[in-house]
Structures are given as C-alpha cells and as structure tokens.
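Biologist: I'm new to this one, could you walk me through it?
Modeller: Gladly, let's bring it up and take it piece by piece.

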Amino acid sequence: MAYSQSDSDFFVESDQPYHSRMSPRDAAKMIARNRQDVIAGELSRLAGDEYLDDIMQHMRHMEACSNCLAPNLLIDMQREIQWFMRPYLIDFLIEAHAAFALLPETLFLTVNLLDRYCSKRVVYKQHYQLVGCAALLIAAKYGDKKDRVPQIHELNNMCCGLYDAGMFTQMEMHVLNTLEWTIGHPTVDFFSQLMVTEEGDDREVEHMAAYFCEIALYHRDFVSTKPSTMARSSLALARAILGRAEVNDGEWDHTENLTLLTLSHHLHQPSPTLGRKYSTPHLARVSQKLAEFMAEQAAIARRNANPPSPPTETAVKHSNNIYSTPQKGHGAHLGFDGYLTPPITPDGNILVNHAVPKESYPMAPRCPVTPTPHHNTAYGQHAHQYVGFVGQHCANQQ
C-alpha cells in the first residue's frame, strides 16, 4: 500500500489557536457559519423527533436489505486479494479520512462501499487501493461537507502517484454502476449516536465505543455484522472497561453476545495508526486507557496463573507431649482458602470456537504497490487473559 506522508502527521494537534491566524473578516464569516450550523442542527433535531419512528423503520429496512455480505464472498472468492491485505488498506483510509477531517460516518460508509463492491467484482491487487480511494470519494460526496471532499490530485499524492488521475474517475463510476447507485447505508455511527443520546453516556464512553467500532473494520469477523449490533456491543464493552454502570436496554440475543465476545479478542493489539488517532485529547485518549486496562488484565492473569505456594503446615508443639494433636483451627483452613482465585481463563482458547483470522501482518510499508505477507510478526493475536472478563459481562447481560 502506498503512502506519501508520515503516519504521525495526520494526528498532530497544534497548540496555537486557529482564530489568531484568521483575519477579522474570516472570523466573522466563521461565526456566522457556526450560527447557521446551530440553527440547522436545532431544526434537524425537531424534525428528527417528529419523524424518528419513520426514520428508524427506514434504517432497519436498509440494514436488513444490505446485510447480505458474507466474508467468503468478499475475499475468499478473489483471485489476488487476501485477508492480510485488508489492514493495510484500512490504515490508509483512516489516515486519509483524518487528513481531510471528514465526518465519522464517512469512514464507515467508505468501508461499506468497499466491501459491497468486492463482493460483486473481482479486484486485482494493484487496484485494491484505487477502489478504496473511489469509495472514499463517493462516501465524502454523499454525506460530508463540500469543502472537505478530497480532490483527486490530493488522493493521488497520498498514493505516491501510483495511478493516473483519470483512473480515479473511472473507478468511481465503475463502483457506482456496480452498486446500481445505491449508496446510502445505516452506519455504526448513526446507531451509536442514537444509543448514546438515549442512555445518556458520557463522551469518554462514546469515544471508546467508536474506537472499538473502528478496530472491527480491520477484521473479517465483523464484515457481516449489523451496524446496530456492533454499536450496542461496542457501547456495552466500553461501559464495562471504563467502569460505568451497565444499561438495561433489553434482552441480548446470541448474535450480540457473540459479537461482544469476539470483539474483545481483538483489543489487545490494535493498529498503531488507529491507536495514534485515538490518543489525542479531543478523543479522550481512549487508546491509552484501553492499553492500560489490557496491561492490568494481563498482570492479573499472570498472577492468578502462578499462585503462591500454600503455607506449610506445622505441628503444634506442647511441652507435655510432642505428638499432641493440633488444636482446633490451626490446620483447618488449608485447602482452597490457602490459594488465590483461579486464573481468569485457563490455558488454551476453549471458550470460543468461532472463525478467527490466523493471518499475521507487519507494519505497513511506505510505497509498494501491494504489501507482502510476513508470518513472523503477530498483528492480531488473541488476548486470552481477557476472555473471562468479557464472558462474565455477557452472562450478566443475558
């Protein structure tokens, strides 16, 4: 996958206020635009409250109709595309999405368009990144602000000039024709915002759940997962990790429990690119908090896996009789009371037996046409010490 800019450049925040570099005229325009955005947001909220039931019915219908993606149809049928290539492309799309400051739902719609296209067309590996760029262009034009839509030459620069400018337009049209111009799709971000508003979650929970949803974009396990299911599972997991109270939002079915448990297996080593994105202050530094939580859970698992030896029983000696029977209570508490609690999870992954990607992939290179798999670096290993924690949470939800 080709990159033309350092990974860290997209997520660097400046301490210098933006307003100090603006002219008075530009500042006045910005204030007027912000006031218009507030008025438009209030009107949208009032209209949304009035038509909420109709909106939700329509979104559920779209979710059910478009939820026909099967992982074996996406990559397994491809002649050249393999699953280990997906994280490289997702890293690139996340960097491009951050560089152009696009809306959160644009990223999820981009990946949805990419997956839908790959389920219907054979894609050569030299065109995989081009398809991702075309999906990003379509998603940005569909729902983002006009002045933030990427320009073709900007995307071409990010691709190190790998493609001709006309190829972007040609691929964009090809994607639209393949999808029969059906662009709209209910994203994870849409359902997350509804649930956060309804349950009154704080910003930290919201950002942590968004972090989990973007982690899920990297893995084949969640390609066919409904956005509403992913949003609910991510919020529940975020509340549990951050120590927030559980929300009684109805019964949980098997699919939602399995989604939450599977998601927990992909948390211990997320993409470094995504980790940098969510380490910024305006996203509550949730990637650092997750890393601290996982390290704490790993330490607990190590301690429980190697419990200290029980105290040695010593005979009670009396001056009258060296073989006298020990008094009541001196040896009665040996046994289970002398050991720490069992480990969070035993050795071996016996709690789940669902399909988990076994591929490994190293850090993304800078400008090759297609990454080459290396099987020495484990990018997506499971966090076995965390299974018990999440399993207990799933049991509480049932």
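Biologist: What covers the buried residues of α8?
Modeller: This is a predicted model, and in it the cover over the buried residues of α8 includes α5 (104–118), α6 and α7 (152–158).

Biologist: And which residues of α8 are buried?
Modeller: They are Phe168, Met171, Glu172, Val175, Leu176 and Thr178. Those residues cover an arc of only 165° around the axis, which puts them on the same side of α8.

Biologist: How far apart are the end C-alpha atoms of α8?
Modeller: They are 21 Å apart, and this agrees with the 20 Å that the 14 residues of the helix, 165–178, should span at 1.5 Å a residue.

Biologist: What follows α8?
Modeller: Glu180 follows α8, and its phi is positive, near 55°.

Biologist: Back to α6, then. How do α6 and α8 cross?
Modeller: Their axes come within 9 Å and cross at roughly 70°, and α6 and α8 are therefore roughly perpendicular to each other. On the α6 side the contact is made by Leu130, Val131, Cys133, Ala134, Leu137, Ile138 and Lys141, while α8 contributes Met167, Phe168, Met171, Glu172, Val175 and Leu176.

Biologist: Is α6 itself largely enclosed or left open?
Modeller: It is largely enclosed by the rest of the structure, because 13 of its 16 residues are buried. Helix α6 runs over residues 128–143 and reaches 23 Å from its first C-alpha to its last, close to the 22 Å expected at 1.5 Å a residue.

Biologist: Changing topic: at what angle do α10 and α11 pack?
Modeller: Helix α10, residues 203–216, and helix α11, residues 227–241, pack at about 125° with their axes 8 Å apart. The two are therefore oblique to each other, and their crossing is right-handed.

Biologist: Which residues meet there?
Modeller: From α10 there are Val205, Met208, Ala209, Phe212, Cys213 and Ala216, and these meet Met230, Ser234, Leu235, Leu237, Ala238, Arg239 and Ile241 in α11.

Biologist: Zooming out, how many helices and strands does the protein have?
Modeller: It has 15 helices and zero strands.

Biologist: And what share of the residues is buried?
Modeller: Buried residues make up 44% of the 398 residues in the protein.

Biologist: Last one: among contacts between residues at least 6 apart in sequence, what share joins residues at least 24 apart?
Modeller: For the protein, that share is 82%.

Notes:
Residues numbered from 1 in each chain as written. Predicted model: local features only at pLDDT ≥ 70, side-chain atom pairs only at ≥ 80, totals over all residues. Heavy atoms only, no water. Helix = DSSP H or I, 4+ residues; strand = E, 2+ residues; numbered from the N terminus. Expected span 1.5 Å × (residues − 1). Buried < 20%, exposed > 50% of the residue type's maximum accessible area, 1.4 Å probe, protein only. Arc of directions from axis to C-beta. Contact = heavy atoms within 4.5 Å. Axes fitted to C-alpha atoms, helices over the stretch in contact; angles between N-to-C directions. Parallel < 35°, antiparallel > 145°, perpendicular 65-115°, else oblique. Left-handed = near helix turned anticlockwise from the far one by under 90°.
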